[in-house]
Amino acid sequence: MQNRYSIVISPPDEIIALVKSMKEALAKEIGWFHSKNSLAHITINEFMATENEIESIKKQLYNICDAIQPKTVSLDHFDTFPNGAFFLAPDEVSKTNLKHILKQFNQSFKVKTLFKNSEPHLTIGRQLKSEHITIAYRLFSNPIAIQFVSDSIALRLFNPTKKQFEIIDRFDFNDNPKPTLEQGRLF
């Protein structure tokens, strides 16, 4: 049997708590919405795999992460997508750095994916009606400045009972780039 997994950049606990409080404040105004109970994250991709396949996938994730350099991420404004997503958006430097990390993953990951993210963002709510987005902008009208170091990814497994992804493993970015032919031989 296949399970649904996602690979995400998971911010530190204090940012997860801050985003949770934002989601709760929005829910007080508009009621339940998609992503209300999801812990803060930046999605890299989603895929299906069996329990037997996941151990080799974990090795692959370790190898990908080993070469990635940690980067500081600054989230400095709110934005939306046409599909009704309301989210915290990175500044331009962070967006470029995050896009590079997403690209590294999605080019190196050798598992068929259901979804690949190319626009890094931290979702507050999904599939919101336009009037709910207006309320969200009103509710979160103060300037925002959130920073964290993106230094790992989390592997999450979808729990069909809770209808949420749950973190099952983490992989650190170790900044150990693989030697290339241009860098010379290893001996």
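1. Ser-38 sits in the loop that connects helix 1 with strand 2 (42–50), where helices (H or I, at least four residues) and strands (E, at least two) are DSSP runs numbered from the N terminus. With a relative accessibility of 12%, Ser-38 counts as buried, the term being used for residues under 20% relative accessible area, with exposed meaning over 50% and partly exposed in between (1.4 Å probe, protein chains only). Once its neighbours within four places in sequence are set aside, Ser-38 is in contact with Lys-23, Arg-156 and Gln-164, contact meaning heavy atoms within 4.5 Å.

2. On provenance, the model is predicted, so that local features need pLDDT of at least 70 and side-chain atom pairs count only at pLDDT 80 or more, whereas totals for chains, interfaces and linings use all residues. Residues are numbered from 1 along each chain as its sequence is written, and side-chain values use heavy atoms, with hydrogens and water left out.

3. The protein chain contains four helices and nine strands, which follow one another along the sequence in the pattern β-α-β-α-β-β-α-β-β-α-β-β-β. Its radius of gyration, taken over C-alpha atoms, is 18 Å, close to the 16 Å that the globule rule gives for 187 residues, so the protein chain is as compact as a globular protein of that length; the rule is 2.2 Å times the number of residues to the power 0.38.

4. Four strands form an open sheet in the order 6-4-3-7, with antiparallel pairing, two strands being paired if DSSP finds at least two bridges between them. The edges are strand 6 (122–125) and strand 7 (146–150), each of which pairs on one side only, and the twist from one strand to the next averages 35°. Strand 4 (residues 86–90) runs antiparallel to strand 6 and is joined to it by three bridges, with Phe-86 standing opposite Gly-125 of strand 6.

5. Helix 1 (residues 13–30) lies across strand 3 (71–80), strand 4, strand 6 and strand 7, and runs at about 25° to strand 6. Helix 3 (residues 92–108) also packs on the sheet, where it touches strand 3, strand 4 and strand 7, and its direction makes about 110° with that of strand 3. These angles run from 0 to 180 degrees between N-to-C directions, with axes fitted to C-alpha atoms, for helices over the stretch in contact.

6. For the protein chain as a whole, buried residues make up 44% of the 187, and 77% of the contacts with a separation of 6 or more join residues 24 or more positions apart.
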